[in-house]
2 protein chains.
Amino acid sequence: MENAIAAQMRHLARESRNASRVLARLRPELKNQALIAMADGFLARTEELVAANGLDLEAARAKGLSDAMVDRLVLNPKRIAAMAEGVRQVASLPDPVGSISDMTTRPNGIQVGRMRVPIGVIGIIYESRPNVTADAASLCLKSGNACILRGGSEAIHSNGAIARVMVEAASQAGIPKAAIQVVPTTDRQAVVALLHLDTLIDLIIPRGGKSLIETVVRESRIQVIKHYDGICHVYVDRSADQGQALKILVNSKAQRTGVCNAAESLLVHRDIAPEFLPKAAEALAGAGVEMRASPEALPLLTTGRVVPATEEDFRTEFLALTMAVGVVGSTGEAIAWINDHGSQHTDTIVTQEHSSAMRFLREVDSACCHVNCSTRFSDGGEYGLGCEIGISTDKLHARGPMGLVELTSQKWIVFGDGQVRG
Amino acid sequence: MENAIAAQMRHLARESRNASRVLARLRPELKNQALIAMADGFLARTEELVAANGLDLEAARAKGLSDAMVDRLVLNPKRIAAMAEGVRQVASLPDPVGSISDMTTRPNGIQVGRMRVPIGVIGIIYESRPNVTADAASLCLKSGNACILRGGSEAIHSNGAIARVMVEAASQAGIPKAAIQVVPTTDRQAVVALLHLDTLIDLIIPRGGKSLIETVVRESRIQVIKHYDGICHVYVDRSADQGQALKILVNSKAQRTGVCNAAESLLVHRDIAPEFLPKAAEALAGAGVEMRASPEALPLLTTGRVVPATEEDFRTEFLALTMAVGVVGSTGEAIAWINDHGSQHTDTIVTQEHSSAMRFLREVDSACCHVNCSTRFSDGGEYGLGCEIGISTDKLHARGPMGLVELTSQKWIVFGDGQVRG
């Protein structure tokens, strides 16, 4: 027998499934109209959103959450305006649904090709920042998917208020209310129940800390697209333009530290280590970066705060002004090191040798492989997707930044005129 | 603490991971050379394969397996030759690895695009027919993936012998032995242990009965691509060319019954039911098909064996000369019925109305949506993929027949000349 929460989640997911059938056939202009109405709604109802957010902030402070955590939770008029602007941008992107590609005619005359269609029902399980509610719901709506949103309990009032504004706007445009649903309980059993509904939900996207994602992967019978860590590398090859390498290194490490595409490890080719590492130490120290050095790198890092690295340092996402530094004997060794120590997120090579660049692109087993530019470019906006719902370090369906196209699927379509199989 | 079998599986999967790094950088000609050597090996070592198969057949008969089951298990010289031919065909297909697409230049000058690469390590869990061992291993090798094969215990000697021939041929071409591994135990714990190794195995493809697939989905922490059933529909719209519809109907249902893309249900538009259903009954009866009819269809099916249908009949994969028959009031009703009762595999509409055809393609939530041709065409060979490793009714990564391209993934590649993020 199913318990009450499981039954409630099944009911909710079935409503999403029904809504997804309607969403799949909506015209782009209707979806865009609804999105613009949502953005207008956020601005018009700023006070209501701030008030709901106040309840979450009060509870957060009462619970003794850190200032950083509380800050992530805040919805103020400026953030609400930014959220509205984000939704407006989604409205302005091209609609991926319905495009037909790869049509070929087979010898018997049938025409076989693919049509891009929504995935169906997408469950998004996330923590903290309430603006994820607006981002995720708008991207799902635009791509014709129903979404089930399960934010953190600390943001439950904010998320509910954001969704309320969105659902009302959608509803006025004639879109079913169940197109955007927020799980109405903070009971953790609800998440587990959702993750078992593999006939009603098509995809789970978790966004949050490692333990959240691990729980989701362990429990889910539905396909999950995720990333755990961003342990990104900068590899400076022997033929690198060293001025370029220093710029790329500092930008990859220090332009912004708390993000998954910031670099955590520097590898330098042995042939240039004696020349390059002292300059790298100066540049990193200038940006306030502490270095954790392998035995070979240690004596060459002659400026700044340098400490010996542990093996663990080379497998750590510091998300801080800290960088592990090592020396390798070849591009092949760098590739093997990255594949062993990295997190299949983003890695960059700085080189002037064509064969090294191409080998790095082919053989580094990461979602994003860069040549002669910063790791910080692995981002939906920078890649030209216009937006992103998350980053995948998985290999199936979507790798790297996921935009609207990655929220759709391709079915096979076949046109015949009476053909049968012989 | 990990138990002995889990430790053994972890070791085996790590060997596969290492082999996958080598496979990912092999030239197409080397892979093809290995595949041809495998095909030659099958022919040269037919006796050895037949002898190994004899052990499985003996055990199967001793266990009292049905004749049909025993027949599926048999490897004779003819089947071995067919297996060799299949591997030779895989060698002749284009290599999907390394192709670069969608390169665009961003405003800052970085060039962003995608490169097709192997997925990595693929686990294949299957039952019965030993030729799956050769098919799966050759497709994985060609697409640059290492594979871990877990066949049914009833075919363990046959599968081991097939893999031995393949591994020896691969090894002589310089490919690591661990590129193709067979799980050396029939202990079911081994499967569970494999399904938890989400850092070492990238994809699981189960092929077999529903209970096998359900177990895999429940236990796996690795992404799974699968199909459960093929409950395929033929919908005859009011504007159908009825002669064409009869041909498509009989072919979809009766050309071959034991396959997942055979039709199981017929839906007919109410406007033409009185005219079409008597002809359909005659055609189906002529092909030996028993009809299970809805109350509205029942009196119109005036020829052959016709019984009243239960609701369950419309959700059943008969895999036999049996068909459920119903009447609907519109294309929209047919679509809703199919989305509710079908298995998201293959469905076909017979119609002369353009808007009905296009609506069916867009809104039927199945992997393969056909217009005016048999459901039986949803097959890798018929679609022009050259081969298939299975069929997916999932929506992510691959839908419908999966060929070599679906055994690869696309990573992002970026070429810069010193760009950093501002």
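Predicted model: local features only at pLDDT ≥ 70, side-chain atom pairs only at ≥ 80, totals over all residues.
Chain B gives us another residue to look at, Asn372(B), a non-glycine with a positive phi near 55°. Asn372(B) belongs to strand β13 of chain B, residues 368–373, and it is buried, at a relative accessible area of 7%.

Now, how do the two chains relate? In general, two copies of a chain are related by a rotation about an axis and a shift along it. Here, chain B is superposed on chain A by a rotation of 180° with 0.0 Å of shift along the axis, and the RMSD is 0.0 Å. That is the relation of a two-fold axis. Which residue of chain B comes closest to the rotation axis? It is His397(B), whose C-alpha is 1.9 Å away. The copies meet through the same surface, because 100% of the interface residues of chain B are also interface residues in chain A.

For a contact between the chains, look at Arg114(A). You will find Arg114(A) in strand β2 of chain A, which covers residues 111–118. Arg114(A) is buried, with a relative accessible area of 14%. Its side chain makes a polar contact of 2.8 Å with the side chain of Glu406(B). Beyond its neighbours within four places in sequence, Arg114(A) also touches residues of chain A, including Ser99(A), Asp102(A) and Trp412(A).

Next, the sheet. Strands of a sheet pair through backbone hydrogen bonds, either parallel or antiparallel. In our model, ten strands form an open sheet with mixed pairing, in the order β10(A)-β9(A)-β11(A)-β8(A)-β7(A)-β12(A)-β13(A)-β16(B)-β2(B)-β1(B). Where does this sheet end? At the edges stand β10 (306–308) of chain A and β1 (100–105) of chain B; each has a single partner strand, so one side of each is left without a neighbour in the sheet. On average, neighbouring strands of this sheet are turned by 25° against each other, direction ignored.

Let's zoom in on one pair. Strands β9 (residues 290–293) and β11 (residues 322–328) of chain A run parallel and are joined by four bridges. Within that pair, Ala293(A) stands opposite Val325(A) in β11(A).

Helices lie across these strands too. Helix α11 of chain A, residues 273–286, lies across β7, β8, β9 and β11 of chain A, at about 155° to β8(A). Helix α12 of chain A, residues 331–341, lies across β7, β8, β11 and β12 of chain A, at about 170° to β7(A).

One last stop is a helix pair. The axes of α3 (residues 46–63) and α7 (residues 156–172) of chain A come within 7 Å and cross at roughly 160°. Angles over 145 degrees count as roughly antiparallel, and α3(A) and α7(A) are therefore roughly antiparallel to each other. Among the residues that meet there are Leu49(A) and Ala52(A) in α3(A), and Ala161(A) and Val165(A) in α7(A).

Definitions and conventions. Residues numbered from 1 in each chain as written. Chains lettered and ligands numbered in written order. Heavy atoms only, no water. Least-squares fit on C-alpha atoms with pLDDT ≥ 70 in both. Contact = heavy atoms within 4.5 Å. Helix = DSSP H or I, 4+ residues; strand = E, 2+ residues; numbered from the N terminus. Buried < 20%, exposed > 50% of the residue type's maximum accessible area, 1.4 Å probe, protein only. Polar contact = N/O pair within 3.5 Å; in protein donor to acceptor, adjacent residues only side chain to side chain. Pairing = 2+ DSSP bridges. Axes fitted to C-alpha atoms, helices over the stretch in contact; angles between N-to-C directions. Parallel < 35°, antiparallel > 145°, perpendicular 65-115°, else oblique.
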